[in-house]
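Hi there,

Here is the structure I promised to pass on.

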Amino acid sequence: YKISRWHFDGGREAPAAAVRPMTAADLPAVLAYDRDLSRMDRPALLTHLTARQPAMAFVAYAGARLAGFVLGREGRTAQSIGPVMADDETTGLALIAKAAASVPGPFIIDVPDAHADIRRWLERQGAVSPRGYVRMTLGSAPGLDDPRHVFALAGPELG
């Protein structure tokens with residue numbers, strides 16, 4: 001599926017949602033949630049990103065059940081938002097907005113083109129997308145071949 005790389009300075013508008021900072025106690029649920037949705041086993045990567053930029057790590061819950069998470073990392077020229085995994089686009093957007101409001105920009109985020117509400121939000125923030133790319137798999141790749149719950153990638157170099 002197609003992915004667009006967006007560049008923006010920061011979020012000035014944030015949708016309302018029950019999003020809170022991630023704690024160490026959330027990590028086991030985040031790892032299980034990610035594994036269930038992505039079908040990848042990437043605890044080392046997610047644990048590393050949580051520690052690398054903890055100010056950008058947030059979770060969303062629906063009652064007692066995890067409904068999404070966002071992580072980020074600092075980069076040479078911009079903060080990178082992702083991965084973002086969530087039950088739905090509204091939750092994914094709330095997580096992205098919270099991460100963008102948590103640290104100074106500029107930001108880079110890689111969003112599957114299927115998520116029109118996130119694209120519109122990014123455009124309202126003044127974001128531009130100078131390039132895109134395609135996530136490809138060889139054969140069947142459950143979890144990777146469906147962007148339904150993937151609202152931002154960690155980056156093409158990370159997954």
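How much space lies in the largest pocket? About 150 Å³. Before I go further, a word on the basis of these notes: this is a predicted model, in which local features need pLDDT of at least 70 and side-chain atom pairs count only at pLDDT 80 or more, while totals for chains, interfaces and linings use all residues. Residues are numbered from 1 along each chain as its sequence is written, and side-chain values use heavy atoms, with hydrogens and water left out.

**Pocket and cavities**

The search runs on a 1 Å grid over the protein atoms alone: a cavity is a set of points where a 1.4 Å probe fits but cannot get out, a pocket is an open set with protein on both sides within 12 Å along at least five of seven lines, and lining residues have an atom within 4 Å of a point. Grid points are joined across faces, edges and corners, and a volume is the space filled by probe spheres set on the points.

Back to that pocket of about 150 Å³. It is lined by 14 residues, and the closest to its centre are Arg73, Gly75, Ala78, Ser80 and Ile108. Two elements give two or more residues to this lining, strand 5 (79-86) and strand 6 (107-112). Helices (H or I, at least four residues) and strands (E, at least two) are DSSP runs, numbered from the N terminus. By residue type, the lining of the largest pocket has 3 nonpolar, 5 polar and 6 charged residues; here Ala, Val, Leu, Ile, Met, Phe, Trp, Tyr, Cys and Pro count as nonpolar, Asp, Glu, Lys and Arg as charged, and the others, Gly among them, as polar.

Over the whole structure, 2 cavities of 30 Å³ or more are found. The second largest cavity holds about 30 Å³, and its lining consists of Leu31, Asp34, Arg35, Met40, Asp41, Arg42, Pro43 and Leu46. Helix 1 (27-38) and helix 2 (43-52) are the elements that give two or more residues to that lining, and helix 1 gives the most, with 3 residues.

**Strands**

Strand 5 pairs on two sides of the story, with strand 4 and with strand 6; strands pair if DSSP finds at least two bridges between them. Strand 4 and strand 5 run antiparallel, joined by 5 bridges, and form a hairpin with 5 residues between them. In that pairing, Phe69 stands opposite Met85 in strand 5. Strand 5 and strand 6, in contrast, run parallel and are joined by 3 bridges, with Ile81 opposite Ile109 in strand 6.

Is strand 5 mostly covered or mostly open? Mostly covered: 8 of its 8 residues are buried (buried means under 20% relative accessible area, exposed over 50%, partly exposed in between, with a 1.4 Å probe and protein chains only). Leu37 is partly exposed at 23%.

**Charged side chains**

There are 8 salt bridges in the whole structure, each a side-chain nitrogen of Lys or Arg within 4 Å of a carboxyl oxygen of Asp or Glu. Among them is the one between Asp87 and Arg65, at 2.6 Å from N to O. Asp87 lies in the loop between strand 5 and helix 3 (89-102) and Arg65 in strand 4 (residues 65-73), so this pair ties together parts that are 22 residues apart in sequence. Asp87 is partly exposed at 24%, and Arg65 is partly exposed at 45%.

Helix 4 (residues 116-124) holds Arg120 and Asp117, 3 residues apart, about one turn of the helix. Their closest N and O atoms are 2.4 Å apart. Arg119 and Glu123, also in helix 4, are 4 residues apart and meet in a salt bridge at 4.0 Å.

Finally, Asp110 in strand 6 is buried, with 3% relative accessibility. Its side chain makes a polar contact with the side chain of Arg5 at 2.7 Å. A polar contact is a pair of N or O atoms within 3.5 Å; within protein, one must be able to donate a hydrogen and the other to accept it, and residues adjacent in sequence count only if both atoms are side-chain atoms.

Best wishes
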